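Hi,

Here is the structure we talked about handing over.

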Amino acid sequence: MNEIIQSLFDRKSVRVFTGEPVTAEEKELLLECAFQAPTAGCQQLYTILDVTDEDEKAELAELCDHQGFIAKAPVVLIFCADCRKWLEAYKAADLAPRSPGPGDALLAMADAVIAAQNVVVAAQALGLGSCYIGDILENEERVRQLLALPEYVFPAAMLMIGRPTQQQKARPKPERFPGKYTVRQNRFAGWEHMERKDFQDMFSCHTGPKNFGDWIRAFCQRKYHSDFSREMNRSAQRWLAAFFTK
């Protein structure tokens, strides 16, 4: 198999790192790879925060559902959807730009996440491990203050990067759903309501010895109905409020 494609199959989230640091040269290369990502209109609608302050990392670990490994990660990068940079550029050129709207926010979020994925792929190629942290969307008030995020800028993705331990290297990668449940031909129509047996087949890669009903109930309680999920939705409304009110 092609080396790049193989690395995509091999890559998995890593949450435990060795004490060996990521070199300055490696970090610079990772960031340069981010800049090479596809971007809408070549606008690069994102700003990357390279978090190096240990106290800030420790607080982020607490704000992101008390995940201590965040504070121990050698590299912490936050990819912010940034609709402010171009807005200010237009004003600097003596223009009268409209306020950013929901479409601008979604486009900037896509730009930021695409850039982050370039870093994930590059890290894998360098033998580094990475993990996305979606919980950066939570606790909007404190995160905004901590990161000094202005209006029209919000965190789209957070990445931990470091050298994986041997245990993390050996840990099996979780299986993905069969492609027939993820790819639709031309239209979504006909797949709005799948039967229970379809879901049983779809989730068979995850349920293991438990049956579908037990597994999905536990997952729903642990994730979908969790306090952190409700908090994420509350904060997301606040992150995006400015894009809907002007």
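**The chain as a whole**

Of the 246 residues in the chain, 38% are buried. Please keep in mind that this is a predicted model.

The chain has twelve helices and four strands. Its radius of gyration is 20 Å, close to the 18 Å that the globule rule gives for 246 residues, so the chain is as compact as a globular protein of that length. Along the principal axes, the C-alpha trace spans about 65 × 50 × 40 Å.

The accessible surface comes to about 14,400 Å². Carbon and sulfur atoms account for 56% of that surface. As for charge, the chain carries 30 positive and 33 negative charges.

**Asp82**

This residue got a closer look. Asp82 sits in strand S2, which covers residues 75-82. Is Asp82 buried or exposed? Its relative accessibility is 6%, and the cut-off for buried is under 20%, so Asp82 counts as buried.

What does Asp82 touch, leaving aside its neighbours within four places in sequence? The list is Leu45, Tyr46, Thr47, Ala108, Tyr152 and Val153. With Thr47 there is also a polar contact, side chain to side chain, at 2.7 Å. Ala156 is 74 residues from Asp82 in sequence, yet the two C-alpha atoms are 9.4 Å apart in space.

Two loop residues are worth a look on your screen.

- Gln44 has a positive phi of about 50°, although it is not a glycine. Gln44 lies in the loop between helix H2 (24-35) and strand S1 (46-51). With a relative accessible area of 29%, Gln44 is partly exposed.
- His66 has a positive phi of about 55°, and it is not a glycine either. Its loop runs between helix H3 (54-63) and helix H4 (69-72). Where Gln44 is partly exposed, His66 counts as exposed, at 58% relative accessibility.

**To recap**

Asp82 is buried and makes a side-chain polar contact with Thr47. Gln44 and His66 are non-glycine residues with positive phi.

Best wishes

Note on methods
Residues are numbered from 1 along each chain as its sequence is written. This is a predicted model: local features need pLDDT of at least 70, side-chain atom pairs count only at pLDDT 80 or more; totals for chains, interfaces and linings use all residues. Side-chain values use heavy atoms; hydrogens and water are left out. Buried means under 20% relative accessible area, exposed over 50%, partly exposed in between (1.4 Å probe, protein chains only). Contact means heavy atoms within 4.5 Å. A polar contact is a pair of N or O atoms within 3.5 Å; within protein, one must be able to donate a hydrogen and the other to accept it, and residues adjacent in sequence count only if both atoms are side-chain atoms. The radius of gyration is taken over C-alpha atoms; the globule rule is 2.2 Å times the number of residues to the power 0.38. Accessible areas come from the Shrake-Rupley method with a 1.4 Å probe; for residues, only the protein chains shown count as cover. Lys and Arg count as positive and Asp and Glu as negative; His and the chain ends are not counted. The place of a charge is taken as NZ of Lys, CZ of Arg, CG of Asp or CD of Glu.
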